[in-house]
Amino acid sequence: MASFTLHGIPVSRGIAIGRAHLLASAALDVKHYLISEEQVEAEVQRLQNAIAAVHQELQAVWRELPPDAPAELGAFIDVHALILSDPMISEMPLDIIRSRHYNAEWALLTQIDELSAQFDEIEDTYLRERKNDIQQVGERVLKVLTGTASTLAGLASSPDSTAHMIVVAHDISPADMLQFRDRAFAGFITDLGGQNSHTAIVARSLDIPAAVGMYNASALIAQDDWVIIDGDAGVVIVDPPPVVLEQYRERQARMLRERKKLSRLKKTPAVTKDGTEITLLANIELPQDCAAALEAGATGIGLFRSEFLFMGRAGYANRLPTEDEQFESYKMAVTAMKGRPVTIRTLDIGADKPMDNAEETALNPALGLRAIRYCLAEPQMFMAQLRAILRASAFGPIKLLIPMLAHAFEIDQTLNMIEQAKAQLREANRKFDPQIQIGAMIEIPAAALALPLFAQRLDFLSIGTNDLIQYTLAVDRVDHEVAHLYNPLHPAVLFLLSTTIAAGAKAGIPVSVCGEMAGDTKLTRLLLGMGLREFSMHPAQLLSVKQEILNSDLTVLVPKTRKILRLMEANAINEAMEQLRSA
């Protein structure tokens, strides 16, 4: 077979080399036939049993999530459970069996196809993306109906003991990802997906090379084909010539050696060549993630995404976490960090992090009732979280971070509620840190352009670059159709970043970056040149960023960065960035 190359979207760094293992779609093998009147109820029961079996599967997967599983997995599994409970999936196919006398598989696939077509007509790109979730849920039920649910159970060991498995699929659900954790799983390739799809997020969390959005890879790649994934470029090479295979094996070995060297930097202070100290913090989703943060040498937690405590509970517990449950989680994180500061962001629900997809009705969730807007609209829930965070502050240094603030009245209303929470705790004789620091996420252009409002009222700022770029460029960051427009080096984005950092320095307020830009080594020197002194990122990225810092000299970077900030043309900015990275 001749070698060929496929190009997709790079979502997780590294190189994977191995044999292809294809996950066939159950929908391809569905039989279509009509049943008699006497068989209708038996066929209805067969589909109901399959749906119940998938419910049990998801519950079992959710309960048995290993401690080191990415927090995103639990949230995504919850979403699938909610979809499975929706009458459009759990009841409408039964009506099709009764009215049209279709067999169970045909009836379910008919309903899934109809729903998918409806989602294709939706203009909102976020809601249109939910079609993939519906198809993945339908796929799980079809596999139960066709008896092919245990896709990997009988996987034979590779004929080449040095080869690892590279999964190739049209799409992979979050629950199915768990099947690969304990196997020789080197990477994965999917036809669907974008930079911020579920599979991409999980790949980065597991630190596995991956390429998504390959369109027809699952049709072109054959079982047991030799495959190379270049996760940095989003390139897949199928049946590579021996010379290419050897080149990539050398690159892979070099990367492993470099990663091993990085581990030696764990205890090395993050100080630039000119003697400037830089603070490196970690982003976490659950208290258990503190272990990885400490292992990477983080000096604290720059972002505890508290929404994952809520999203992980909605599907099966069917209720929000109580104040005491939240308190225990926050306390666990604070004590685990052993005196290092922990920044807890209040509930950031909405847009790409819905608490319950079944209740999502906003035409444009990213511009709707999300984050602080949602919290202020649900004061009882918000007060419970504030009290829980304040109580945890008695056990170690906590900083309270408020997302998506844009208006003065939102800041004032939030500060008033924090004072109310403090008063309630005093009345209940509960201990807390009365001097707890309160900060704001700068992720809306209006906030970046009205910084005096924040500097006068708050103790620190944290720039959420993911949303800041999305809102500045009007680009949905989870929509692969416009992914090429999502550009952190757009001159408008650079202007907002640099002015926010400069305004914080002028006002004497600490400013950190906790979005994806903080962990991107290609941008480390640019952010340093802008004046950034606090970076917060996924623990897996921390040592690579530290290495960039150790090799940087601010006396060289600052003047070069000022020149970049004056540029407007993309080509000129990219060329100047290459020079900056080699400085």
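**Exercises on a predicted model**

R254 is partly exposed, with a relative accessible area of 38%; partly exposed lies between buried (under 20% relative accessible area) and exposed (over 50%), with a 1.4 Å probe and protein chains only. This is a predicted model, in which local features need pLDDT of at least 70, side-chain atom pairs count only at pLDDT 80 or more, and totals for chains, interfaces and linings use all residues. Residues are numbered from 1 along each chain as its sequence is written, and side-chain values use heavy atoms, leaving out hydrogens and water.

**Exercise 1.** Find the helix that holds R254.

*Solution.* Step one: helices are DSSP runs of H or I with at least four residues, and strands are runs of E with at least two, numbered from the N terminus. Step two: R254 falls within residues 242-262, which form helix α10.

**Exercise 2.** State how many helices and strands the chain has, and what share of its residues is buried.

*Solution.* Step one: the chain contains 24 helices and 16 strands. Step two: 54% of its 583 residues count as buried.

**Exercise 3.** Decide whether helix α19 is mostly covered or mostly open, and name what covers it.

*Solution.* Step one: α19 spans residues 465-473, and eight of its nine residues are buried, so the definition of buried puts the helix as mostly covered. Step two: the buried residues include L468, I469, Y471 and L473. Step three: the cover includes β13 (437-442), α17 (445-448) and α20 (491-507), where contact means heavy atoms within 4.5 Å. Step four: after α19 comes A474, with a positive phi near 55°.
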